[in-house]
Amino acid sequence: MAPVKEWAGLLARLVVGGVWIAAGALKLTDPNASVQAVKAYELLPTSLVETVGYLLPALELVVGLALVLGVMTRGAAAISALLFLAFIVGIASVWARGMEIDCGCFGGGGAEPDASSSYPWEIARDAGLLILSAFLVWQGSTRWSLDSVLFRRRTPPEPDSPLDATEDMEEV
Amino acid sequence: MSTKNAKNAKDAKDAKSAKAAERAERAAALLREQKRRERRRNLITGGVVAAVLAALVVVGILISKSNEIEAPAAGSSDFGVTIGDPDAPHQLVIYEDFLCPGCGQLEAQSNEQLAALAADGAVHVEYRPFNLLSRLGDYSGRAASAFGVVLEKSGPEVAKEFHDLLFEDQPEEGEEPYPDADWLVEKAVEAGADEGAVRPGIEQGVTDFADRATAEAQQAGVSGTPTVILDGEVFNGTVDELLDELE
């Protein structure tokens with residue numbers, strides 16, 4: 001039996017990765033909406049808005065794919081955690097400034113009446129996903145990941161070296 | 001004799017332990033070599049995987065770019081109204097929805113300035129209303145349709161004025177009931193339309209004009225309002241930045 005933590009890691013990967021794939025794919029089909037959504041936060045200078053608006057959907061999709069497949073799990077989870085942190089800060093700042101915008105989390109975006117009522121839920125959701133991402137950064141090795149095939153350890157660990165995250169899978 | 005024997009035995013023992021040490025050393029070296037190769041392999045694999053992922057992000061960005069808006073040039077749509085000289089140095093297309101608060105804001109901040117700039121020959125502007133917010137009720141569709149009726153019956157100048165009046169007195173998004181046909185007719189007459197000419201059309205509600213204008217906007221890839229296209233490129237800056245560009 002693999003440690004419970006590795007199974008939990010698999011679950012976290014699928015949940016967080018699935019959310020990113022959905023969010024990224026929905027935005028990729030409509031880049032202008034994505035740019036508008038970024039613009040609506042009024043946080044970034046105009047010169048950066050467009051770049052971020054185009055980059056986010058692609059980055060989200062690739063981070064999602066990497067997590068679901070378990071490729072570069074730690075790196076993908078670290079980017080995922082940073083993105084969620086940025087989104088939480090963004091939504092909180094919009095909330096604090098009394099603005100009413102669609103968070104543009106899954107496409108869409110821009111002004112929306114009564115959007116503030118969903119801010120608490122959006123922040124809670126992103127915080128939950130941030131925790132799952134942080135867990136993956138910490139745990140690293142998970143069940144059924146491509147990492148465990150790509151970076152399989154073939155030599156026994158040195159007895160005096162501390163175990164690192166890519167330790168052996170007991171059985172595949 | 002006995003000392004010689006003892007010495008031989010000691011030599012044999014030394015040789016044995018030396019051999020053992022040598023074996024252990026060889027095994028350790030082999031292990032080190034294996035580990036070195038493994039680290040190298042993992043490094044290469046990691047590099048390749050990272051490169052593939054980065055390439056995928058770039059592909060994604062390119063896909064995003066390919067989904068960009070390609071709108072007909074200012075003055076070339078059947079569903080808008082233009083102001084200014086067609087040969088002006090700047091061409092501006094504004095897609096909007098009569099209900100969208102962002103459009104109301106844009107109009108409040110730019111309408112008069114754009115009219116003045118257009119009159120000076122600095123910019124050629126086309127306003128293209130369409131029905132984006134159909135999910136929030138029928139006002140967007142009815143207002144865009146009424147705009148079509150006024151454009152057809154009373155000409156572009158009256159239609160531009162009607163457009164301005166609708167934004168000046170814009171209803172709150174999502175707050176039904178929305179203004180009715182009588183209100184729209186009133187605005188049209190205020191803009192200079194002949195009531196008898198526009199009332200029948202406006203009372204029809206959502207017309208083919210709005211549907212086709214919406215289809216054209218969607219065809220161009222416009223999915224939000226206001227969408228401002230300056231000289232063929234989507235403009236994402238503020239209204240002040242837009243006006244600065246034009247001055």
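A charge sits over a ring if NZ of Lys or CZ of Arg is within 6 Å of the ring centre and within 35 degrees of the ring normal. That is how A:R125 relates to A:W121: A:R125 lies over the ring's face, 5.6 Å from its centre. This is a predicted model, where local features need pLDDT of at least 70, side-chain atom pairs count only at pLDDT 80 or more, and totals for chains, interfaces and linings use all residues. Residues are numbered from 1 along each chain as its sequence is written, chains are lettered from A and ligands numbered from 1 in the order written, and side-chain values use heavy atoms, leaving out hydrogens and water.

**Ring pairs in chain A**
- Over all chains, there are 12 aromatic pairs (rings of Phe, Tyr and Trp, its six-membered ring, with centres within 6.5 Å; planes under 30 degrees apart are stacked, over 60 edge-to-face, the rest tilted).
- One of them is A:W20 with A:F87, edge-to-face because the planes stand at 65 degrees, with centres 6.1 Å apart.
- A:W20 sits in helix α1 (residues 4–28) and A:F87 in helix α4 (residues 73–96), 67 residues apart (helices are DSSP runs of H or I, at least four residues; strands are runs of E, at least two).
- A:W20 is buried at 2% relative accessibility, while A:F87 is partly exposed at 22% (buried is under 20% relative accessible area, exposed over 50%, partly exposed in between, with a 1.4 Å probe and protein chains only).

**Ring pairs in chain B**
- B:F98 and B:F147 make a tilted pair, 6.1 Å centre to centre with 55 degrees between planes.
- B:F98 is in the loop between β2 (90–96) and α2 (101–119), and B:F147 is in helix α3 (residues 139–154), so the pair ties together parts 49 residues apart in sequence.
- Both B:F98 and B:F147 are buried.
- Ring pairs join B:F79, B:F98, B:F147, B:F167 and B:F209 into a cluster.
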